[in-house]
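Thank you all for making the time this morning.

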Amino acid sequence: MEQKSFLQTGGRWTQVKIKTAIASADAIANYLFDHQAVGLEIQENNDEYSTLLAYFPQDDLTTMRLRNLRRFIAKLPSFGLPGEESITIEMRAYDSQDWANSWRSAFPPQEIGDHVVVAPTWHQMKEDEPQDDELGDQSGTEKILIRLDPGMAFGTGHHPTTRLSLHLLSGLPFKGREMVADIGTGSGILSILAVKMGAKKVIALDIDETALNVAEHNFVVNGIKDHVDLRQSEGLVNLTGKFHLIISNIVSQVILPMIPSYPQYLRKGGKLILSGILDSESQTIRTALRDHGFQCLQVRQQDEWVGILAQKGN
Ligand SMILES: C[S@@+](CC[C@H](N)C(=O)[O-])C[C@H]1O[C@@H](n2cnc3c(N)ncnc32)[C@H](O)[C@@H]1O
């Protein structure tokens, strides 16, 4: 039976089409992701220009979103990037069916390393691909399948910050008794992988109520709901207990002030995965980690993004 996607549930959408000088395309794509674009397609036209298609719900925030986007674009030259004179924006209404189809083609299944496959719920797995009947605890299986319905939360596995987190997480050994905290769970993608690798329990937190709804749906789809405690919360304030692993893929501005507090929630030798860090911010984060008794075990980079695996000392 075909699963009903969040994306098929009706409603009107606004498609924002941005043609931009290629040098500004990443900055604009990151802005759109950070400002809750529900879907994003990047169509590279040639060496000079890129066309981005972003989708937002059509609601009373539409005008404000466009105004803020224009303000952001006006500031690009202060970062040394081409601005308004090389960028055009078009908007049009989109009905949910068109949008759902467009979203589908924008998110093909993808492999993360050798052992993890992230596939949208609507993708029919081929015979040689991991199968849905293996959903649930997949520790010990050769490939882990994560089914995702991205909905309106961040975390499709396509953004470098998520990919870096998935890579670092998939390299960790799990024994089946691990307690994990996922701070800023978004679509729940990292919690899902942790459980499928064998974590006993994951506390998944997010400040955003929409993200919680999407994450809950994804936990059910992946058959792991009983292993996750999902709560609306900011940072570490409502966290209790000691964890074998804490994951935070948020942004440096949120992560940095949390660094002094992580050790009190980690067991001796506990690990920390941090992502959402720009290359230019990485040294500051690493210095803060060292100052608070962490050893950096691995630093991975994709594009301008950095992911860090660190371990608490004694
Ligand atoms: C970059 S997304 C990461 C989502 C997902 N974990 C992934 O790796 O793709 C960051 C998430 O953190 C949430 N967030 C932002 N600030 C937060 C805070 N102070 N405490 C908890 N969650 C926060 C956002 O709502 C968003 O869902």
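This is a predicted model: local features need pLDDT of at least 70, side-chain atom pairs count only at pLDDT 80 or more; totals for chains, interfaces and linings use all residues.

Let me begin with pairing, because two strands are said to pair here if DSSP finds at least two bridges between them. Residues are numbered from 1 along each chain as its sequence is written.

As for confidence, pLDDT is the predictor's own confidence in each residue, from 0 to 100; the protein chain has a mean of 85, and 86% of its residues reach 70 or more.

Seven of the strands form an open sheet of mixed pairing, in the order 10-9-8-11-12-14-13, and its edge strands, each pairing on one side only, are strand 10 (228-232) and strand 13 (294-302). Within that sheet, strand 8 (residues 179-183) and strand 9 (residues 201-206) run parallel and are joined by five bridges, with Ala 181 having Ile 203 of strand 9 as its bridge partner.

There is also an open sheet of three strands, again with mixed pairing, in the order 5-6-7. Its edges are strand 5 (110-112) and strand 7 (144-148), each of which pairs on one side only, and the twist averages 25° from one strand to the next, where axes are lines fitted to C-alpha atoms, for helices over the stretch in contact, and angles run from 0 to 180 degrees between N-to-C directions. Strand 6 (residues 116-120) pairs with strand 7 in the parallel sense over five bridges, and Val 117 has Leu 145 of strand 7 as its bridge partner. Helix 4 (residues 160-170) lies across strand 5 and strand 6, and runs at about 50° to strand 5.

Which residues touch the most other members of the largest nonpolar core? A nonpolar core means a set of buried Ala, Val, Leu, Ile, Met, Phe, Trp, Tyr and Cys residues joined through C-beta atoms within 7 Å, and a residue is buried if 20 or more other C-beta atoms, placed from the backbone, lie within 10 Å of its own. Among the 57 residues of that core, they are Ile 146, Leu 193, Ala 194 and Ile 246. Helix 5 (residues 189-197) gives the largest share of this core, seven residues. Counting two residues as in contact if their C-beta atoms, placed from the backbone, lie within 7 Å, Ile 146 has contacts beyond four places in sequence that include Val 116, Val 118, Ile 189 and Leu 193.

Finally, helix 6 (residues 209-221) has 13 residues and reaches 19 Å from its first C-alpha to its last. Its buried residues include Ala 211, Val 214, Phe 219 and Val 221, and among the elements covering the buried residues of helix 6 are strand 7, helix 5 and strand 9. After helix 6 comes Gly 223, with a positive phi near 70°.

Technical notes. Helices (H or I, at least four residues) and strands (E, at least two) are DSSP runs, numbered from the N terminus. A residue is buried if 20 or more other C-beta atoms lie within 10 Å of its own, exposed if 12 or fewer, and partly exposed in between; C-beta atoms are placed from the backbone. The expected span of a helix is 1.5 Å times one less than its number of residues.
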